[in-house]
Amino acid sequence: MVTPTQEGQGPEGPARKPGRRRKDRIDALAASTAAPDAGVSLAASAWRTLRRSPVFLTGAVIIGLFVLVSLLAPWLAPQDPSEPMLIDQVVKARNEIPPAQPGHPLGGDLQGRDFFSRLLVGSQQTLVVGVLATLIGLTGGLTLGTLAGALGGWVDSLVMRLVDVMLSLPSLLLAFSISAMFARPNQFTVIVAVAVVQIPVFARLLRGSMLAQRHSDHVLAATALGVKPGAIVFRHMLPNSLGPVIVQSTLVLATAIIDAAALSFLGLGNPDDRIPEWGQMLGDVQNVFDTHPHLAFWPAGCIILVALGFTLMGETLREALDPKSRR
């Protein structure tokens with residue numbers, strides 16, 4: 001015969017059932033909360049955040065359209081951008097240019113060339129200059145940053161003093177000075193000038209990331225195991241320091257496009273106006289801006305829109321990859 005006390009003390013007794021049910025509910029809630037994030041990498045977590053960000057999606061759409069138009073510009077352009085087919089409608093004495101008409105949705109420029117076709121083809125030149133300048137600047141910055149962060153000592157001091165001197169000058173002034181050193185300015189000189197300006201930005205950022213990696217646990221463990229210094233730098237420190245640099249490159253692309261357009265506007269770009277470029281198109285119409293503002297509005301608007309797209313993408317990407325700013 002089981003007494004009431006014995007019945008309440010049993011393993012399945014009513015005294016323990018409420019506590020067990022409560023524990024089961026807590027375990028189920030914890031499992032359902034932890035399951036979605038279990039085993040998720042930083043990249044997967046960042047992508048999950050980015051694909052729900054309207055700011056990132058807006059920037060991605062702008063950049064996607066820009067790249068697509070740039071690649072397809074020779075086929076999308078309805079007319080030859082270097083052919084003055086509307087020259088008979090240009091009356092310089094009365095400051096008249098061809099207006100919008102069938103086959104020429106934006107009319108013509110001061111030389112009677114189709115303005116819409118020049119705008120499309122100019123996107124290709126802008127993309128080439130921005131991407132090549134960023135890649136060259138990234139390569140130079142990675143070289144200097146790796147030397148400073150890995151070797152330290154007098155090498156670090158020498159590299160950082162050189163970087164400090166370059167950063168002390170305004171970027172556009174430095175680019176202008178470098179471009180003016182060439183006897184004949186062209187597209188290549190613009191790329192070199194803009195790339196040199198970007199080198200100290202990447203070098204300082206990579207050097208700081210590598211210094212933070214130097215005292216990390218995995219680097220100390222590799223050092224204790226007798227791994228060679230070169231292997232530690234290129235297998236452990238450098239790969240784990242590239243994240244902020246890659247994110248910064250998207251922001252630098254916007255700056256590179258603006259600087260390249262500014263140099264072309266000042267006459268330090270490609271002197272052959274048969275090959276259109278947005279900054280060059282702005283420089284060509286600066287004397288008639290008061291009478292034909294639309295000739296400056298379209299290339300300036302394209303430069304601003306593309307720079308905005310890269311900036312939106314870069315900022316949201318940096319926030320998504322930064323554990324301190326992710327929510």
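## A chat about a helical chain

Reader: Where does Val194 sit, and what does it touch?

Author: Leaving out residues up to four places away in sequence, Val194 touches Ala133, Ala256, Asp259, Ala260 and Leu263. Val194 is in helix α8. Keep in mind that this is a predicted model.

Reader: Is Val194 buried or exposed?

Author: Buried. Its relative accessibility is 1%, and the cut-off for buried is under 20%.

Reader: How far is Val194 from Val129?

Author: Their C-alpha atoms are separated by 8.7 Å. Along the chain, Val194 and Val129 are 65 residues apart.

Reader: Step back a bit. How many helices and strands are there?

Author: The protein chain has 12 helices and 0 strands. Read along the sequence, the pattern is α-α-α-α-α-α-α-α-α-α-α-α.

Reader: And how much of the chain is buried?

Author: 40% of its 327 residues count as buried.

Reader: What share of contacts links residues 24 or more positions apart?

Author: 70%, taken over the contacts with a separation of 6 or more.

Reader: Back to α8. How do the axes of α5 and α8 meet?

Author: The axes come within 5 Å and cross at roughly 35 degrees. Helix α5 covers residues 115-151, and helix α8 covers residues 187-214.

Reader: Which hand is the crossing, right or left?

Author: Right-handed. The residues of that contact divide into 19 nonpolar, 10 polar and 2 charged.

Reader: What about Leu142? Which helix is it in?

Author: Leu142 is in α5. With 24% relative accessibility, Leu142 counts as partly exposed. It clears the buried cut-off of under 20%.

Reader: What does Leu142 touch?

Author: Leu206, Leu242 and Val245, not counting residues up to four places away in sequence.

Reader: New topic. Where is Arg113?

Author: In the loop between α4, residues 54-76, and α5.

Reader: Which residues does Arg113 touch?

Author: Setting aside residues up to four places away in sequence, Arg113 touches Pro81, Ser82, Glu83, Pro84, Gly107, Gly108, Arg118, Asp273 and Arg274.

Reader: What lies 3.4 Å from a polar atom of the Arg113 side chain?

Author: The backbone oxygen of Asp273.

Reader: What about Gln280? Where is it?

Author: Gln280 is in helix α11, residues 278-284. At 8% relative accessibility, Gln280 counts as buried.

Reader: And which residues does Gln280 touch?

Author: Arg118, Ser264, Phe265, Asn270, Asp272, Asp273 and Ile275, again leaving out residues up to four places away in sequence. Arg118 and Asp273 are also among the residues that Arg113 touches.

Reader: Last topic. Where does UniProt place the feature "transmembrane region"?

Author: The unreviewed UniProt entry gives residues 55-77, 127-155, 162-182, 188-206, 245-268 and 296-317.

Reader: What does the chain look like over residues 245-268?

Author: That span is 88% helix and 0% strand. Its end C-alpha atoms are 29 Å apart.

Reader: And residues 162-182?

Author: Residues 162-182 are 81% helix and 0% strand, with end C-alpha atoms 22 Å apart.

How values were computed:
Residues are numbered from 1 along each chain as its sequence is written. This is a predicted model: local features need pLDDT of at least 70, side-chain atom pairs count only at pLDDT 80 or more; totals for chains, interfaces and linings use all residues. Side-chain values use heavy atoms; hydrogens and water are left out. Axes are lines fitted to C-alpha atoms, for helices over the stretch in contact, and angles run from 0 to 180 degrees between N-to-C directions. Helices (H or I, at least four residues) and strands (E, at least two) are DSSP runs, numbered from the N terminus. A crossing is left-handed if the near helix is turned anticlockwise from the far one by less than a right angle, and right-handed if clockwise. Ala, Val, Leu, Ile, Met, Phe, Trp, Tyr, Cys and Pro count as nonpolar, Asp, Glu, Lys and Arg as charged, and the others, Gly among them, as polar. A polar contact is a pair of N or O atoms within 3.5 Å; within protein, one must be able to donate a hydrogen and the other to accept it, and residues adjacent in sequence count only if both atoms are side-chain atoms. Contact means heavy atoms within 4.5 Å. UniProt positions are given in the numbering used here, feature names are shortened, and annotations may be inferred rather than shown by experiment. Buried means under 20% relative accessible area, exposed over 50%, partly exposed in between (1.4 Å probe, protein chains only).
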